[in-house]
Amino acid sequence: MDAEAAKLLGAGLAAVGVGLASLGVGNVFAKFLEGALRNPSAADGQQGRLFIGFAAAELLGLLAFVIAMVLVFVA
């Protein structure tokens with residue numbers, strides 16, 4: 001396998017993380033809504049954790065995107 005093919009293969013594998021991050025964000029919001037519908041009085045106290053979970057999942061997706069771009073254009 002030549003270097004160009006390995007670089008593009010690595011970028012493709014890193015791009016999979018972007019798709020998985022979207023699943024993570026959907027999972028965070030789904031679980032929050034599930035909990036909020038079960039106990040509406042506790043939903044206000046959990047909004048901070050909701051945004052932290054959203055930010056963490058989105059950060060991992062952005063990191064995977066940056067690594068894919070670095071592999072394609074820099075390496």
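Begin by selecting the buried residues of helix H1: Lys-7, Ala-11, Ala-14, Ala-21, Val-25, Phe-32 and Ala-36. Here "buried" means under 20% relative accessible area, "exposed" means over 50%, and "partly exposed" lies in between (1.4 Å probe, protein chains only). Helices (H or I, at least four residues) and strands (E, at least two) are DSSP runs, numbered from the N terminus.

Before you go on, a word about what is on your screen. This is a predicted model, where local features need pLDDT of at least 70 and side-chain atom pairs count only at pLDDT 80 or more, while totals for chains, interfaces and linings use all residues. Residues are numbered from 1 along each chain as its sequence is written, and side-chain values use heavy atoms, with hydrogens and water left out.

**Stop 1: helix H1.** Select residues 3–38 and look along the helix from end to end. At 1.5 Å a residue, its 36 residues should span 52 Å, and the end C-alpha atoms are 53 Å apart, which agrees. That expected span is 1.5 Å times one less than the number of residues.

**Stop 2: Lys-7.** Show its neighbours next: leaving aside residues up to four places away in sequence, Lys-7 touches Leu-71, Val-72 and Ala-75. A contact means heavy atoms within 4.5 Å.

**Stop 3: a nonpolar patch.** Select Val-18, Phe-65, Val-66, Met-69, Val-70, Phe-73 and Val-74, which make a nonpolar surface patch of about 660 Å². With 5 residues, H2 gives the most to this patch. Zoom in on Phe-73, in helix H2: it is exposed, with a relative accessible area of 66%.

**Stop 4: the whole protein.** Zoom out to see 2 helices and 0 strands. The radius of gyration, 17 Å, is well over the 11 Å from the globule rule for 75 residues, so the protein is more spread out than a compact globule. This radius is taken over C-alpha atoms, and the rule is 2.2 Å times the number of residues to the power 0.38. Along the principal axes, the C-alpha atoms fill a box of roughly 60 × 15 × 10 Å.

Conventions. Patches are made of residues with over 30% relative accessible area and no salt bridge: like charges are joined within 9 Å, nonpolar side chains (Val, Leu, Ile, Met, Phe, Trp, Tyr) within 5 Å. Accessible areas come from the Shrake-Rupley method with a 1.4 Å probe; for residues, only the protein chains shown count as cover. A salt bridge is a side-chain nitrogen of Lys or Arg within 4 Å of a carboxyl oxygen of Asp or Glu.
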